[in-house]
Amino acid sequence: MGKREYLGEFELTVMLALLRVGEDAYGVPIAREIEASSGREVGIASVYAALERLERKGFVSWQMGEPTPERGGRAKRFFHVTGLGLRQVRKTQKTLVRLWQGLPQLDGGPS
């Protein structure tokens, strides 16, 4: 992983949704979790594009499932967060919390 590897906003959102959905998650449930949690419509292609970027960074991995009749015999790619990915999510959380702390604009103060 290069020194400048970080999680973009949507990548972080995908990672958090993937953690919520759990093991053996694939694109559709991940997109549904994002929509349910954020109220934001998400294109399945955007989710898969983010998952591909996250895989290149080493933050997620996948394995191919068995073909299923409801998908016309096509197999699904099941994703999970890697140890490196979990460490990056925690690092991002700590950074954001430190940045948010003490901002009067976010504590009900003047905007």
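**Close-up views of helix 3 in a predicted model**

**View A. Packing of helix 1 against helix 3.** Helix 1 (residues 9-21) and helix 3 (residues 44-57) pack at an angle of about 90°, their axes lying 10 Å apart (axes are lines fitted to C-alpha atoms over the stretch in contact, with angles from 0 to 180 degrees between N-to-C directions; helices are DSSP runs of H or I of at least four residues, and strands runs of E of at least two, numbered from the N terminus). The two helices are therefore roughly perpendicular, a term covering 65 to 115 degrees. The model is predicted, with local features requiring pLDDT of at least 70 and side-chain atom pairs pLDDT 80 or more, whereas totals for chains, interfaces and linings use all residues. Residues are numbered from 1 along each chain as its sequence is written, and side-chain values use heavy atoms, leaving out hydrogens and water.

**View B. The buried face of helix 3.** Val47, Ala50, Leu51, Leu54 and Lys57 of helix 3 are buried (under 20% relative accessible area, with exposed meaning over 50%, for a 1.4 Å probe and protein chains only). Seen down the helix axis, these buried residues fall within an arc of 115°, so they line one face of helix 3; the arc is that of the directions from the axis to the C-beta atoms. The face turned away from this buried side carries the exposed residues Ala45 and Arg56.

**View C. Surroundings and end of helix 3.** The buried residues of helix 3 pack against helix 1, helix 2 (27-38), strand 1 (60-64), strand 2 (77-81) and helix 4 (83-100), contact meaning heavy atoms within 4.5 Å. Just after helix 3, Gly58 adopts a positive phi of about 85°.

Notes
Angles under 35 degrees count as roughly parallel, over 145 as roughly antiparallel, 65 to 115 as roughly perpendicular and the rest as oblique.
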